[in-house]
Amino acid sequence: MQRRTFLKGGLATGAVAVAVGAGLLTPQTVLAAWPKAAFEAKGDAAMKALFGTTATTASGDIKIKAPDIAENGAVVPVSVTTSIGSIESISLFASSNPSPLAASFNLGATAEGFVSTRIKVRKTGKVNAIVKAGGKMYSASKDVKVTIGGCGG
Amino acid sequence: MAKGIRIRAKTKGGVTTVKALMSHPMHTGLRKNKKTGKKIPAHFIQEVNCEHNGNAVMTALWGPAVSKNPYLSFKFKGGAKGDSIKVSWVDNKGQSATQESKIR
Amino acid sequence: MMKKIIITMTALGLVAGANMAAQAGPKEDLKKFKSYWTKKLPEGKTLDDYADGIYIYNQDLYDSWQAIEEFPPYELDIEAGEKEYNKPFKNGKTYASCFKNGGIGIAQNYPYWNAKQKKVKTFEGELNECRKKNGEKPLKWKKGKLAQLSAYLKDTARGKAINVVVPNDAGALAAYEDGKQFYFARRGQLNFSCAHCHFDAAGKYIRANILSAGYGQATNFPVYRSKWGGLGTMHRRYGGCNKQVRAKPFKAQKSEYTNLEYFHTYMSNGLKLNAPSNRQ
């Protein structure tokens, strides 16, 4: 079976990373991979723009760890854990954001089904995690409340 | 602030956990400068590449919704103490940074 | 409508006036504070937990706070602060030359009363004094390099119990009293004192924020606030708080805030330093 070192829009090889560091590659060359349309798409169009489809299966094997109430919508810690096999990528969407796609993690052959980061969530709404594995797409979501800052906010 | 990247890589039970903290404003392009009233142009990391001993392990594609001074963590099977972990990023302005660390 | 809160020093049983038997004043106050705050402890928490600020009042917020503290953004500031600390001045000397033990692991003793200069000395105050003494321009008080320098040095004292001393000296007692008066005095259009929010209403919500307890507030400055998207000093927060009750803020490191910091930090004596910290 072919090693998944090159995913569509995926991983840079060691040589690429070195070249970037040395300033030999322009952002355009490396980031031909950066899915501009997906990151700028609004509402439900974001998923379609990234994956080409919105067909997903809800999965109980995707655990999203995020606060029930975000103390500050600018920094919301989110972790996604899954044991679904043949995992290719994990993507995070904040449905209430002007452009919902926040981040997409392309996972190499040895990577486990786990990512953690901190994202901006504009207001109360769902944080969706889409797992692409074995060519199929699975989803889970978590409600995150975002409050207005009060006297301390 | 300088373009710092802090990396923590630990291996346990055959799985290596990598955590990275990067210095970057991650401007969305939507906020206004309070003094001038002008919009602060979008300036955010678009791609983060992570390598283990020179082999790509994970690529993160980011939009401006990732928080300022972004954090990232992921895991992979394998990795031994002393192995190299390299994290590099490129942003929408063409700036880049890279940092290398050893697995503990 | 908020019920009438009577927060006066006498209501809390605090000793008033610098003419009281000298040592009795601040020490008696601290005893009374600790007893007050012990009574107000949420279920399952101990006095030491007040250093966690608002997070002792809500487990969900506590968990997401810890998720960030696990690899906090202020680590970048500590790194920058360390670089600044190690960079010699133009005259070849370094910050270390101005402080006991080079400034490492000593921040828990600040602020302190300097009897010769007859004033309260704060940590950040002495950092800029060190610069001045060595022919360098002072740094801005509220954020940036000074905050980062303070963050680095305070981090070296992390875990040490705050140990502010108010000696048996008329000047020191007067400064302590001045800070205490400030804390309990109403101010601003909203006519609140610090104590209104941070004593009686501690743990309660104001709009969507939880109010922190006065006890433990001083343990974690400089603070990285998600709201600021960066690091700021205690005096930056004092100014912000005063503005929020629509009161004119005082200038950073002038006597109003240095005396306030003296009293305010004394009030957290015994609690462990956890500076810098990531907060809302």
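Leaving aside its neighbours within four places in sequence, which residues is Ile119(A) in contact with?

A: In this predicted model, and with neighbours within four places in sequence left aside, Ile119(A) is in contact with Val76(A), Val78(A), Leu92(A), Ala94(A), Ala102(A) and Ala103(A) in its own chain, and with Ala65(B), Val66(B) and Ser67(B) in chain B. Ile119(A) belongs to the largest nonpolar core, which has 134 residues, and together with Ala102(A), Ala103(A) and Phe74(B) it is among those that touch the most other members. The element that gives the most to this core is α6(C), with seven residues. Domain 1 (24-72 + 163-279) and domain 2 (74-155) of chain C both give residues to the core, so it lies between them.

Helix α6 of chain C covers residues 170-184, and because 15 residues at 1.5 Å a residue should span 21 Å, the 21 Å between its end C-alpha atoms agrees with that expectation. Among the residues of α6(C) that are buried are Ala172(C), Leu173(C), Ala175(C), Tyr176(C), Phe182(C), Tyr183(C) and Phe184(C), and the charged residues Glu177(C) and Lys180(C) are buried as well.

Chain B, which supplies Phe74(B) to the core, has zero helices and seven strands, and 50% of its 104 residues count as buried. Its C-alpha atoms fill a box of roughly 55 × 20 × 20 Å, taken along the principal axes. Chain B also meets chain C, where seven residues of chain C are in contact with 10 residues of chain B; by class, the chain C side has four nonpolar, one polar and two charged residues.

Conventions. Residues numbered from 1 in each chain as written. Chains lettered and ligands numbered in written order. Predicted model: local features only at pLDDT ≥ 70, side-chain atom pairs only at ≥ 80, totals over all residues. Contact = placed C-beta atoms within 7 Å. Helix = DSSP H or I, 4+ residues; strand = E, 2+ residues; numbered from the N terminus. Expected span 1.5 Å × (residues − 1). Buried ≥ 20, exposed ≤ 12 C-beta atoms within 10 Å, placed from the backbone. Core = buried A, V, L, I, M, F, W, Y, C linked by C-beta atoms within 7 Å. Domains from an automatic or database assignment.
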